[in-house]
Amino acid sequence: MGNRVVIVGGGWAGSAAAVSARKAGADEVILLERTDSLLGTGLVGGIMRNNGRFTATEEMFQLGGGDLFKVCDDNSRHVNMEFPGHKHASIYDVNKIEAAVKRCLVENGVEIWTFSRTTDVEISNGSITAVFLEGGTRVEGDVFMDTTGTCGAQTLCTDNGNGCVMCVIRCPTYGPRVSLAGLCGIEERDGRKPDGSYGAMSGSCKLSKETIDPKIIEELERTGLAMIPLPKEMVNESKLGSKACAQYALKEYAENVILLDTGHVKLMTPFTPLHELRQLPGMEEVKYVDPYAGTVGNSMRFANISPRDDALQVIGDIDNLFCGGEKAGLLVGHTEAMVTGAIGAHNAVRAMAGKELLKISTKLTVGDAIKNVREEMDQEGGMGKKYTFSGSVYFNRMKDKNLYITDVEAIKKRVAKAGLTGVLEQKVA
Amino acid sequence: MSYMITAECVNCSACEQECPVQAISAAADQYVIDPNVCVDCEGYFEEARCKWACPVNACIPERETYLARAATMIVKGVRPVIFKNGDSVGGKVLSD
């Protein structure tokens with residue numbers, strides 16, 4: 001038997017999975033990415049370590065799965081900053097992060113394939129034996145990981161959102177995301193908006209620094225943050241519920257335009273039309289850089305969530321498929337994707353070696369989140385909520401259960417007490 | 001894969017009457033094929049029965065539509081690019 005892990009989807013989950021699989025002892029790791037660059041929605045993100053994500057990040061370092069968190073730390077423009085609803089946040093530079101991640105993966109012995117959209121699967125006796133790329137190339141593997149995410153195809157956005165807004169997912173150029181679990185015939189689920197309608201809209205937009213008043217940019221670059229109050233007639237709280245990231249459903253985000261310095265200017269207020277933004281002092285000439293459609297917002301997501309257990313193995317008739325990132329549930333964010341990607345891939349290697357799978361103790365927040373979110377999604381209305389270490393229902397749970405701590409030494413002890421220190425860097429194959 | 005009906009549909013109902021698995025029904029503006037029911041006529045007919053019956057060539061394989069209307073870079077011939085240890089910053093194009 002060989003020893004090759006094939007990971008489909010090169011976002012944060014797939015990238016973390018690739019490093020983790022190598023560290024767990026996989027001889028060969030192939031990461032298949034549809035577009036020309038890694039990270040997908042991570043290319044427009046940037047916010048790390050805010051609220052409970054700090055705890056999750058430090059737990060991952062202690063577990064031995066901190067590699068990509070270190071890349072983010074090393075490429076942070078701002079550290080330990082505060083903005084409404086958020087404490088001790090870091091912001092990575094979205095202009096530098098992709099090359100840094102690519103380098104980290106290659107140095108760890110991962111083989112990255114870009115322009116490689118998976119469109120078909122070969123199954124034999126209940127196991128995936130290979131995937132096929134659009135164009136026909138066959139890629140064999142022993143164990144597979146679905147980190148294809150929950151955005152796209154274009155029809156997802158045209159049917160449920162504001163149409164194709166030409167976002168970073170770039171379906172028209174590279175073709176839509178195809179779910180690997182879906183190709184295997186596994187029945188998947190879709191997330192809901194609070195009103196019960198399909199999916200959720202990502203509200204992440206970027207503005208060009210060159211088009212904003214230098215005084216605002218000076219403050220932004222010095223502190224990481226600029227808050228510009230909206231005139232009363234422009235305040236629209238109803239927009240908040242439609243956004244994917246529930247931790248930003250605070251009135252500060254309805255009453256202000258909140259800008260973060262990610263390299264570009266990240267607009268934290270959900271999709272404000274250009275003509276409204278330009279009514280604000282210092283923003284008279286502002287221009288959107290992402291998505292290209294600007295004004296009308298961003299991609300739809302939360303289609304095709306895989307059924308999975310707490311080891312991140314996909315439940316169904318396939319025995320060698322694992323998942324991470326948003327495929328693994330409504331656990332939203334870069335940190336969350338890296339956590340599930342790294343743990344899922346570690347288990348993929350364990351499965352390949354015939355070893356018992358690792359379910360992370362619920363005494364750690366990363367273990368608790370994986371279990372809790374799976375359980376919550378099965379509850380009535382659970383698919384309409386969003387879960388993240390950084391806010392909303394899951395962060396409240398972290399506080400209630402004393403899982404949210406920021407003392408690094410205490411986190412170290414907690415992981416040691418659970419007997420899990422360095423578990424993700426132990427070779428299991 | 002399944003068949004689909006394009007907007008060329010003239011609502012004649014020929015496809016609905018011919019479909020061996022009752023995958024076709026009338027929708028608001030035209031007839032539609034339920035992709036979860038359609039079996040591409042495998043085991044029933046050599047050629048998809050809706051395609052055979054349609055007077056205006058509106059019944060076509062979904063895949064074909066997709067390829068025709070959404071030709072990606074890969075469809076246009078771009079090959080995978082591989083990055084691995086030992087390579088410089090850039091990757092190498094996968095050869096056949």
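**Entry 1: a sheet in chain A**

I began with strand 13 of chain A, which pairs with strand 14 (residues 256-261) of chain A in the antiparallel sense over five bridges. The model I am reading is predicted. I looked up one pair of residues here: A:Met227 has A:Ile258 in strand 14 of chain A as its bridge partner.

**Entry 2: the end of strand 16 and beyond**

I checked the peptide bond from A:Asp290 to A:Pro291 and found it cis, with omega near -5°. Most peptide bonds are trans, and I marked this one for that reason. I place A:Pro291 in the loop between strand 16 and strand 17 (300-301) of chain A.

In the loop between strand 17 and strand 18 (321-323) of chain A I looked at A:Leu312. A:Leu312 is not a glycine, yet its phi is positive, about 70°. Most residues other than glycine have a negative phi.

**Entry 3: two hairpins**

I turned to strand 7 (residues 118-124) and strand 8 (residues 127-133) of chain A, which pair in the antiparallel sense over six bridges. A:Thr118 stands opposite A:Leu133 in strand 8 of chain A. The hairpin of strand 7 and strand 8 of chain A has two residues between the strands, and A:Asn125 in this hairpin takes a positive phi near 50°.

Strand 8 of chain A is also joined to strand 9 (residues 138-140) of chain A by three bridges, and these two run antiparallel. A:Val131 has A:Val139 in strand 9 of chain A as its bridge partner. How many residues lie between the strands in the hairpin of strand 8 and strand 9 of chain A? I found four, and A:Gly135 in that hairpin takes a positive phi near 105°.

**Entry 4: the two domains of chain A**

I wrote down the domain assignment of chain A: domain 1 (4-196 + 300-425) and domain 2 (203-296). The C-alpha centres of the two domains of chain A lie 27 Å apart. In the contact, 27 residues of domain 1 of chain A meet 26 residues of domain 2 of chain A.

Which strand gives the largest share of the side of domain 1 of chain A that touches domain 2 of chain A? I found strand 4 (residues 76-83) of chain A, with four residues. That side of domain 1 of chain A has twelve nonpolar, ten polar and five charged residues.

**Entry 5: two helix pairs**

I looked at helix 12 (residues 365-378) and helix 13 (residues 392-400) of chain A, whose axes come within 11 Å and cross at roughly 130°. The two helices of chain A are therefore oblique to each other. Helix 12 passes helix 13 of chain A in a right-handed crossing. A:Thr365, A:Ala369, A:Asn372 and A:Val373 of helix 12 make the contact with A:Tyr394, A:Arg397 and A:Met398 of helix 13. I list this contact as four nonpolar, two polar and one charged by class.

Helix 2 contributes A:Thr55, A:Glu58, A:Glu59, A:Gln62 and A:Leu63 to the contact, and helix 14 contributes A:Val408, A:Ile411, A:Lys412 and A:Val415. This contact has four nonpolar, two polar and three charged residues.

**Entry 6: chain A against chain B**

Last I looked up the contact between the chains, which takes 18 residues from chain A and 14 residues from chain B. Strand 6 of chain A gives the most to the side of chain A that touches chain B, with four residues. I counted that side of chain A by class as seven nonpolar, seven polar and four charged residues.

Strand 6 of chain A also pairs with strand 5 (residues 81-83) of chain B, in the antiparallel sense over three bridges. The bridge partner of A:Trp113 in strand 5 of chain B is B:Ile82.

Definitions and conventions: Residues are numbered from 1 along each chain as its sequence is written. Chains are lettered from A and ligands numbered from 1 in the order in which they are written. This is a predicted model: local features need pLDDT of at least 70, side-chain atom pairs count only at pLDDT 80 or more; totals for chains, interfaces and linings use all residues. Two residues are in contact if their C-beta atoms, placed from the backbone, lie within 7 Å. Ala, Val, Leu, Ile, Met, Phe, Trp, Tyr, Cys and Pro count as nonpolar, Asp, Glu, Lys and Arg as charged, and the others, Gly among them, as polar. Two strands pair if DSSP finds at least two bridges between them. Domain bounds come from an automatic or database domain assignment. Axes are lines fitted to C-alpha atoms, for helices over the stretch in contact, and angles run from 0 to 180 degrees between N-to-C directions. Angles under 35 degrees count as roughly parallel, over 145 as roughly antiparallel, 65 to 115 as roughly perpendicular and the rest as oblique. A crossing is left-handed if the near helix is turned anticlockwise from the far one by less than a right angle, and right-handed if clockwise.
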